[in-house]
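Work through the exercises below with the model open. Each task is followed by a stepwise solution.

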Amino acid sequence: MKKSLIKKIMAVVIVGVIGIMAVGCSSKSTGEVKDKLTEIKESGKLVVGMSADYAPYEYHALIDGEDKIIGFDVDIAQAIADDIGVELELKEMNFDSLCEAVQLGKIDMTISGMTPKPDRKKAVDFSDIYYKAEQAFLIQASNKDTYKTLADLEGKKIGAQMGSIQAEIAEGIEGASVKLLSDVNTLILELKNGNIDALIIEAPVANLATTTNTDLVVGEEIIEDSEGGSAIGMPKDSPELVEQVNSTLKKLMDEGKIDEFVQKAVEQVKNQVE
């Protein structure tokens, strides 16, 4: 009698376990995988990573006594968030860690004056180009007649931002001793203190740097950006998000808004100096 009862109980337990396993397997196999754009909408916020040391793209400024990150990349990020219908959250990090942060899901996208180089395309998907800029180099004003071209910088100490296209340019200068740092403002200080002879940087950033540092000038040679300009980095295989971002960028460019954002950012930098 006891053996019969035990057998019945075991049979019920086994059936129950099998049923639970079946439900579990079913939920895994039929569970809907949400695309990145849907995830952002449901979270209610867009998390954008940037390196805020690159005026006029993005930089720190005192606004009504409060330290804020501003710049035309920030305005673009806000426009994208508005079109998606969510709040914008900015996360500041080193430039050379931005793509990895996208890959790891720490941020939804990076908007930081980033050039879509082939090696970066392996890590993230990029939007259309939203801004094109030439490359330049900063030098001390006292050396303006000595360092006019890249050829004049051969064998010299050159600075550039770590992980940037400018770093590649610097490393291509024959005999140069290249110093790479993550923070552009620190590199500018290195130049002012004579620790490097020149700093390779985007032309708009270089021109603004001379506004806030009158002891620096831009070298005469301007380097064409053969890589195509700046784009927004997003997670791989997120076509819905890329399409949404490209739609916003196209609208902004068609309406001339990006040019307005750039001009506003430049004026804000100048006002900070005044």
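**Exercise 1. The main core**

Which residues of the largest nonpolar core touch the most other members?

Solution. Note the basis first. This is a predicted model: local features need pLDDT of at least 70, side-chain atom pairs count only at pLDDT 80 or more, and totals for chains, interfaces and linings use all residues. Residues are numbered from 1 along each chain as its sequence is written, and side-chain values use heavy atoms, with hydrogens and water left out.

Step 1. Apply the definition: a nonpolar core is a set of buried Ala, Val, Leu, Ile, Met, Phe, Trp, Tyr and Cys residues joined through side-chain atoms within 4.5 Å. Buried means under 20% relative accessible area, exposed over 50%, and partly exposed in between (1.4 Å probe, protein chains only).

Step 2. Read off the members. The largest core has 55 residues, and F72, I76, I80, M109, Y130 and I232 touch the most other members.

Step 3. Find the main contributor. Helix α3 (residues 72-84) supplies eight residues, the largest share of this core. Helices (H or I, at least four residues) and strands (E, at least two) are DSSP runs, numbered from the N terminus.

Step 4. Look for another core. One of 14 residues lies apart from it, with L150, I169, A198 and I223 among its members.

**Exercise 2. Contacts of I232**

Which residues is I232 in contact with, leaving aside its neighbours within four places in sequence?

Solution. Contact means heavy atoms within 4.5 Å. With those neighbours set aside, the partners of I232 include I76, I80, M109, Y130, V245 and L249. D125, F126 and S127 are also among them.

**Exercise 3. Salt bridges**

How many salt bridges does the structure hold?

Solution. Step 1. The structure holds 12.

Step 1. Take D108 and K36. Their closest N and O atoms are 3.0 Å apart. D108 sits in the loop between α4 (98-103) and β6 (109-114) and K36 in helix α2 (residues 36-43), so the pair ties together parts 72 residues apart in sequence. Both residues are buried. K36, E39 and D108 are linked in a network of salt bridges.

Step 2. Take K250 and D254. Their closest N and O atoms are 2.7 Å apart. Both are exposed. They are separated by about one helical turn, because they are four residues apart in helix α9 (residues 239-254).

How values were computed:
Salt bridge = Lys/Arg side-chain N within 4 Å of Asp/Glu carboxyl O.
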